[in-house]
Amino acid sequence: MSPVRAEVGSLIVDLIRDRLGLDVEGPDTDLLDSGLLDSLALVMLIAALEESFACELPLDDFDLEHFRSARRMTEFLESSGVLESRFP
Amino acid sequence: MSGIRELRRDDLPAVCALYEQVVRSGSTEPSEQLVRYFERTFFDYPWSDPDIPSLVYTDSDGTIGGFIGSHVRRVRWDNRPLRLACSGQLVAAPDPRHRGAGALLVRRYLAGPQDITITDGATDYMRRIWIGLGGQTHASASTGWAKFLRPAAVGGFLMQRSGHRFLSRSLTAVAPAIDAAIRPILGRLGGFLPPEPVTTAEELSVDGLVEQVSDAARRLRLRPDYDPKYVQWLFEELAAVGFRGVPVRHLVRGRSGKVVGWYIYHLAERGIAQVLQVAAPMGDTGAVLDHLFRHADVHGAAAVLGRVEPSLIGELRQRRCFLVPTDWCLVHARDPAVLAVLGTPQALITRLDGEWWMGHHSIGLSEKRHPPMRVST
């Protein structure tokens with residue numbers, strides 16, 4: 001894993017812990033199957049990501065799978081080009 | 001790839017199956033009436049707006065995992081036409097992989113091209129989601145009021161709602177006698193029972209409502225932009241929502257014969273009457289409320305419930321109405337000036353203009369239908 005990815009993954013884990021108050025072990029903790037991520041938590045997570053990465057996440061092409069874990073979120077942000085502007 | 005797209009007519013069987021399963025009977029076989037109801041309220045109603053459609057959340061294989069209903073209303077703000085979107089039925093499939101679909105649907109809906117978005121039947125949980133998405137609580141409209149006419153009957157109703165069948169049946173049986181004993185005392189205390197009104201009423205017609213709201217434009221900064229086709233549809237749908245009782249629509253005239261206002265409510269004999277709209281643009285709100293309360297009382301209602309509109313608050317207090325909890329009314333608008341007007345007496349956006357009154361959860365369920373009753377003016 002690249003240092004940028006590792007840093008972003010760690011940042012997202014912290015967001016999940018601090019802003020959502022969810023107890024996640026690490027970047028691979030499954031938020032969907034574990035039932036940790038409900039509608040309210042997802043809204044708070046989207047707001048936290050948009051604020052932290054100064055981006056607007058898509059409205060229509062929004063796959064819940066991207067939010068399965070901190071690692072998947074990192075991959076999603078990277079593929080969306082969000083990380084390029086923050087970590088050139 | 002999963003995602004959100006607009007609801008199509010051929011999605012209705014799947015959407016209704018999901019709604020039937022999650023919200024209604026638990027069956028995955030929706031009634032034909034429900035499918036027809038969704039069709040006419042989403043696609044075939046006069047103000048259906050393709051720019052602000054109902055939405056579905058689909059999995060990568062095309063399976064529908066959630067949906068949100070859209071009910072668009074037309075309003076005027078300082079005589080400028082605006083589109084008001086009512087965020088309606090919201091359902092997500094119960095399996096864990098769809099757990100966040102509801103929030104994604106609300107988020108997408110709020111980002112639509114409408115000027116104002118409201119929902120007036122929201123739960124605490126939905127309120128928190130809306131607030132997280134930039135929505136606000138419409139404070140007065142999230143507060144209910146109650147005019148108690150037959151307190152013992154209300155007690156029976158509350159027992160029934162809280163699942164105390166035996167207590168409910170017992171209290172309901174003796175309620176008429178208790179109320180008969182209490183009501184003369186309430187009458188002597190003053191303000192508790194509605195007096196004989198000094199006004200008269202006639203049925204509020206489709207054209208009558210359109211005309212009255214249009215005439216009130218000079219006094220209202222934010223109001224519905226009713227037209228006959230829409231109001232005709234609205235009145236027919238009010239009648240189709242059978243579980244709340246009989247819809248009553250009255251135009252109220254003063255002694256001189258001049259119109260002082262109007263009201264629309266669902267009347268349930270020995271039950272709870274639910275007010276949808278009370279308006280008195282000339283300012284005589286008390287006279288209109290008096291007629292409404294008297295009408296409900298004469299027809300046997302146990303209580304009249306409504307939500308606190310800014311124009312009503314002073315008159316409600318004078319008439320010994322109590323504040324009671326009700327569903328949350330939430331609003332979202334990009335222009336804060338619109339939100340500011342919503343909370344003033346210069347706005348006439350009532351329950352009639354939301355989706356609270358609609359009968360998604362009861363259509364086609366005969367056991368929820370209120371028995372027919374005779375209603376006079």
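Predicted model: local features only at pLDDT ≥ 70, side-chain atom pairs only at ≥ 80, totals over all residues.
**Entry 1: chain A overall**

I began with chain A. I counted four helices and zero strands. Read from the N terminus, the order is α-α-α-α. I then looked up the radius of gyration. Chain A has 12 Å, and a compact globule with 88 residues would have a value near 12 Å, so the two agree. The C-alpha atoms fill a box of roughly 35 × 30 × 20 Å along the principal axes.

Next came burial and contacts. Of the 88 residues in chain A, 48% count as buried. Among contacts with a separation of 6 or more, 60% join residues 24 or more positions apart. The accessible surface of chain A is about 4,300 Å², and carbon and sulfur atoms hold 46% of that.

I also checked charge. Chain A carries 7 positive and 19 negative side chains. The centres of those two sets are 5 Å apart.

Which residues does A:Ser39 touch, beyond its neighbours within four places in sequence? I found B:Arg99, B:Gly100, B:Gly102, B:Ala103, B:Tyr125 and B:Ile129. A:Ser39 sits in helix H2 of chain A, which covers residues 39-52. Its relative accessible area is 9%, so A:Ser39 counts as buried.

I then turned to A:Ala54. This residue lies in the loop between H2 and helix H3 (70-79) of chain A. Is A:Ala54 buried or exposed? A:Ala54 is exposed, at a relative accessible area of 73%.

**Entry 2: chain B overall**

Chain B has 11 helices and 15 strands. Its radius of gyration is 21 Å, and the globule rule gives 21 Å for 377 residues, so chain B is as compact as a globular protein of that length. The C-alpha trace spans about 70 × 55 × 35 Å along its principal axes.

I noted that 54% of the 377 residues in chain B are buried. For contacts with a separation of 6 or more, residues 24 or more positions apart account for 74%. Chain B exposes about 16,200 Å², with 52% supplied by carbon and sulfur atoms. I looked up its charges too: there are 45 positive and 39 negative ones, and their mean positions are 6 Å apart.

**Entry 3: helix H1 of chain B**

Helix H1 of chain B covers residues 12-22. I listed its buried residues: B:Leu12, B:Val15, B:Cys16, B:Ala17, B:Leu18, B:Tyr19 and B:Glu20. What do they pack against? Their partners in chain B are helix H2 (32-42), strand E2 (55-58), strand E3 (64-77) and strand E4 (80-92).

**Entry 4: cysteines**

How many disulfides does the structure hold over all chains? I found zero. B:Cys86 shows why for one case: the closest cysteine sulfur, in B:Cys329, is 9.1 Å from its own, too far for a bond. B:Cys86 counts as buried, at 0% relative accessibility.

B:Cys321 is in no disulfide either. The nearest cysteine sulfur to B:Cys321 is that of B:Cys329, 19 Å away. B:Cys321 also counts as buried, at 15% relative accessibility.

**Entry 5: B:Arg320**

My last stop was B:Arg320. I placed B:Arg320 in the loop between helix H10 (313-318) and strand E14 (322-325) of chain B. Its phi is near 55 degrees, a positive value in a residue other than glycine. At 39% relative accessibility, I logged B:Arg320 as partly exposed.

Technical notes. Residues numbered from 1 in each chain as written. Chains lettered and ligands numbered in written order. Heavy atoms only, no water. Helix = DSSP H or I, 4+ residues; strand = E, 2+ residues; numbered from the N terminus. Rg over C-alpha atoms; globule rule 2.2 N^0.38 Å. Buried < 20%, exposed > 50% of the residue type's maximum accessible area, 1.4 Å probe, protein only. Contact = heavy atoms within 4.5 Å. Areas by Shrake-Rupley, 256 points an atom, 1.4 Å probe, with all protein chains shown as cover. Lys, Arg positive; Asp, Glu negative; His and termini not counted. Charge placed at Lys NZ, Arg CZ, Asp CG, Glu CD. Disulfide = S-S within 2.5 Å.
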